[in-house]
Amino acid sequence: MGGFGFSEEQEMFRREVRNFAQRELAPGAKERAKEEGTPEIAHEWARRIADAGLAGLGVPPKYGGQGADWVAIGIAVEEMSKADMNLGATPVLPALVTRAMALGGCSEELQQKYLPAMAKGEFLVCLVISEPHCGSDAAELRTRAVRDGDYYTINGEKTSISGSMSSDAGFLFAKTDPAARARGVTSFLVPFDLPGVSRSRIRDMGWIGVTCASIFLDDVRLPADHRLSEEGKGFYMMMGTFDVLRVFLALAVLGGAQTSLEDAINYAKQRTAFGQPIARFEGVSFKIAEHATWLEAARLLCYRALWLADQGLPHTKEAAMSKWLAPVVAVNAIHDSLLIHGHVGYSEEYPIEQRLRDAIGFEMADGTAQIMKMIIARELMGREFRSY
Ligand SMILES: Cc1cc2nc3c(=O)[nH]c(=O)nc-3n(C[C@H](O)[C@H](O)[C@H](O)COP(=O)(O)OP(=O)(O)OC[C@H]3O[C@@H](n4cnc5c(N)ncnc54)[C@H](O)[C@@H]3O)c2cc1C
């Protein structure tokens, strides 16, 4: 994104991703959205996405990735999500772990151990923050990591973790100093095959293929070199560096909404009532016009946030605005697209009802609307006026 709009190179990349996504991901997406995910299915899809050069977009070439910028990853997430909203975010975790390892000064050996496998879609990682007693107030984590020579011993319970039943490791946040709030949080890479890690599936109304679970850590002995941030710096890493995660989630839900709206447009042109296509009724066509406008506005906000991040400029406010606005306009667009389909839109014959369930999840994942507004207000008015 140079200046305003996309470069020819970015447009070409979008076309390539779109071709791949429409050819490989779109067929069967409706059925997959209802299927309980398994590690085998998740790894198979990650490998297919990796074979197209899209899983390791944010991983540097020396570790087998593409070394793409945030805007390019956003384009990939949006186009893949148009085809399958549950697979669209595949490049995001490898990119974030890469960034965390570089910032945390992880050893070359550790990066060589994990990053090439992530870029190949062979090693899946999930983001492990939320706990049963705290989601929004992430500084209140109780999971405890205690340094013991060359190891940390980790104890605690995590919940609401997307993709965790199918992942090989967690990018996990725990307290190294329980007396401190945000300043006591440290991040780690925790392989799930370590003794003491167990998982229990949670059944949700959406994100079914992604799989959600609680994770229990019972005296897990983690090699100390698997620490991804300096002690006490994990929360700030999460807050500053990972603002882009919010934008990727926003683009993912917008992708699903765009497809739903296009489905509604096609349906409205061929469905007749009162002797004419329903697309001719302003009650239908104005809804389509309004949602197309809202989706485009939210999407431009997302790309501006990613562009700012690529320039090394502050983008916390724009990322929070994207994460608040996109799920709202996406849920509204999918809802009206469903209604434009009449009863068939409500039935399981069509993919829209499940997309609506999936889209609602984006309103909460990685921070609710209220939390996003708190961040926006803090950025506008200063920390001295924040409510927490
Ligand atoms: C689909 C989905 C995927 C998820 N994936 C992950 C994941 O991969 N990893 C992970 O760690 N977590 C994940 N989560 C958890 C998610 O981050 C939390 O659900 C979210 O942060 C909210 O936390 P909570 O559910 O504990 O709600 P709470 O924090 O208990 O909040 C409950 C309600 O109170 C409101 N509220 C809280 N504080 C305030 C305030 N100060 N002002 C106004 N309102 C407030 C909230 O907005 C919310 O409506 C996922 C959640 C969902 C739904």
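Student: What is the relative accessible area of D366, and how is such a value to be read?

Tutor: D366 has a relative accessible area of 26%, so the residue is classed as partly exposed. The model is predicted, so local features need pLDDT of at least 70 and side-chain atom pairs count only at pLDDT 80 or more, while totals for chains, interfaces and linings use all residues. Residues are numbered from 1 along each chain as its sequence is written, and side-chain values use heavy atoms, without hydrogens and water.

Student: In which loop does D366 lie?

Tutor: Helices (H or I, at least four residues) and strands (E, at least two) are DSSP runs, numbered from the N terminus. D366 belongs to the loop between helix 12 (352-362) and helix 13 (369-381).

Student: What is to be noted about the phi of D366?

Tutor: Most residues other than glycine have a negative phi. D366 is not a glycine, yet its phi is positive, at about 60°. T211 is likewise not a glycine and has a positive phi of about 70°. T211 is located in the loop between strand 6 (197-202) and strand 7 (212-223). With 2% relative accessibility, T211 is buried.

Student: How many residues of helix 12 are buried?

Tutor: Nine of the eleven residues in helix 12 are buried, and the helix is mostly covered. Among them are the nonpolar residues I352, L356, A359 and F362, and E353, R355 and D358, which count as charged. For these classes, Ala, Val, Leu, Ile, Met, Phe, Trp, Tyr, Cys and Pro are nonpolar, Asp, Glu, Lys and Arg are charged, and the others, Gly among them, are polar.

Student: Against which helices do the buried residues of helix 12 pack?

Tutor: They pack against helix 8 (243-270), helix 10 (316-340) and helix 11 (343-346). Contact here means heavy atoms within 4.5 Å.

Student: At what angle do the axes of helix 8 and helix 9 cross?

Tutor: Axes are lines fitted to C-alpha atoms, for helices over the stretch in contact, and angles run from 0 to 180 degrees between N-to-C directions. The axes of helix 8 and helix 9 cross at roughly 155° and come within 10 Å. Helix 8 is therefore roughly antiparallel to helix 9. Angles under 35 degrees count as roughly parallel, over 145 as roughly antiparallel, 65 to 115 as roughly perpendicular, and the rest as oblique. The crossing of helix 8 with helix 9 is left-handed, a term for a near helix turned anticlockwise from the far one by less than a right angle, with right-handed used if the turn is clockwise. The residues in contact include V244, F248, L251 and L254 of helix 8 and V284, I288, L295 and R299 of helix 9. By class, this contact has 21 nonpolar, two polar and one charged residues.

Student: Where does G283 lie?

Tutor: G283 is in helix 9 (residues 282-310). At 53% relative accessibility, G283 is exposed. Between G283 and I340 there are 9.6 Å from C-alpha to C-alpha, although they stand 57 residues apart in sequence.

Student: How do the axes of helix 5 and helix 6 cross?

Tutor: Helix 5 (residues 92-103) and helix 6 (residues 108-119) have axes that come within 10 Å and cross at roughly 165°. This makes helix 5 roughly antiparallel to helix 6. Their crossing is left-handed. On the side of helix 5, the contact involves P94, V97, T98 and M101, which meet L110, Q111, Y114, L115 and M118 of helix 6. This contact has seven nonpolar, two polar and no charged residues.

Student: Which residues does T98 touch, not counting residues up to four places away in sequence?

Tutor: Under that condition, T98 touches G58, V59, P60 and L115. T98 is buried, with a relative accessible area of 8%.

Student: How many disulfides are there by the rule?

Tutor: A disulfide is a pair of cysteine sulfur atoms within 2.5 Å. The count is zero. For C126, the closest cysteine sulfur is that of C212, at 9.9 Å, too far for a bond. For C134, the closest cysteine sulfur is also in C212, at 15 Å, again too far for a bond. C126 is buried at 2% relative accessible area, and C134 is buried at 6%.

Notes. Buried means under 20% relative accessible area, exposed over 50%, partly exposed in between (1.4 Å probe, protein chains only).
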